[in-house]
Amino acid sequence: LGVGGKSARQSSKGMTPLPGALIASASGAMLTVFMFGWTNGAMNSPALVMRAALGLEHDPVVPERDVVWGWCVSVYCLGGMLACAVSARLADRLGRKRFIVLLNLLFVLGASLQTSAVLFERQQNGSGNVLGVPLTICGRILVGAASGGTTVVVPAYISEIAPEQLRGTLGVAFQLMV
């Protein structure tokens, strides 16, 4: 459908049809936003399983485990904050599309690190998963950075590619995808 609910063939003077490039570009950017929303809440539901795999189960006798788990969760925000500070300049330098592709690569790399963290076995003395915690923290920093960059660059990209009549609609799509 074109703008105003008419198909491209029916569009009258002043009505712009939606080109396939706009649909593809907006959809790709929105998938990046979906990954931001997914990683934002990824630590909540599987927390008990992840803590067990990393050897960080809650234990009142060893409160340090809760502190380490807190770092595993909260470095996501640190990565996001740092990326927000530099994303606009990087996107201007690299171009919005290239920067969004880079953000997607960061999401994949960060998720891969977090996933591989559970592959390392717990130590014989029960001290925990030695490599799992650093891998989780590094992965969380990367997906946090990708999320921070997404919040800065994707809305600007969407508003730049959208026709004037669709800017509000596509702008709202960002919030819906999170």
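1. A note on terms comes before the surface. Patches are built from residues with over 30% relative accessible area and no salt bridge, joining like charges within 9 Å and nonpolar side chains (Val, Leu, Ile, Met, Phe, Trp, Tyr) within 5 Å. Accessible areas follow the Shrake-Rupley method with a 1.4 Å probe, and for residues only the protein chains shown count as cover. A salt bridge puts a side-chain nitrogen of Lys or Arg within 4 Å of a carboxyl oxygen of Asp or Glu.

2. Basis. This is a predicted model, in which local features need pLDDT of at least 70, side-chain atom pairs count only at pLDDT 80 or more, and totals for chains, interfaces and linings use all residues. Residues are numbered from 1 along each chain as its sequence is written, and side-chain values use heavy atoms, with hydrogens and water left out.

3. Overall fold. The protein chain has six helices and zero strands. Helices (H or I, at least four residues) and strands (E, at least two) are DSSP runs, numbered from the N terminus. Of the 178 residues, 33% count as buried. Buried means under 20% relative accessible area, exposed over 50%, and partly exposed in between (1.4 Å probe, protein chains only). Contacts mean heavy atoms within 4.5 Å. Among contacts with a separation of 6 or more, residues 24 or more positions apart account for 70%. The chain exposes about 10300 Å², and carbon and sulfur atoms supply 66% of it.

4. Nonpolar patch. V86, L90, L94, V101, L102 and L105 form a nonpolar patch on the surface. Together they have about 480 Å² of accessible area. Helices α3 (64–94) and α4 (96–116) each supply at least two of the patch residues. V101 lies in α4. V101 counts as partly exposed because its relative accessible area is 48%.

5. Helix α4, geometry. α4 has 21 residues. From first C-alpha to last it reaches 30 Å, close to the 30 Å expected at 1.5 Å a residue. The expected span is 1.5 Å times one less than the number of residues.

6. An α-helix has 3.6 residues a turn, so residues three or four places apart point the same way.

7. Salt bridges. The count comes to four. D66 and R51 meet at 2.3 Å, N to O. This pair links distant parts of the chain: D66 sits in α3 and R51 in α2 (residues 47–54), 15 residues apart. D66 is partly exposed, at 27% relative accessibility. R51 is buried, with a relative accessible area of 13%.

8. Further pairs. E57 bridges to R65, with the closest N and O atoms 3.8 Å apart. E57 is partly exposed, with a relative accessible area of 26%. D92 pairs with R96 at 3.0 Å between the closest N and O atoms. D92 counts as exposed because its relative accessibility is 55%. D92, R96 and E160 are linked in a network of salt bridges.
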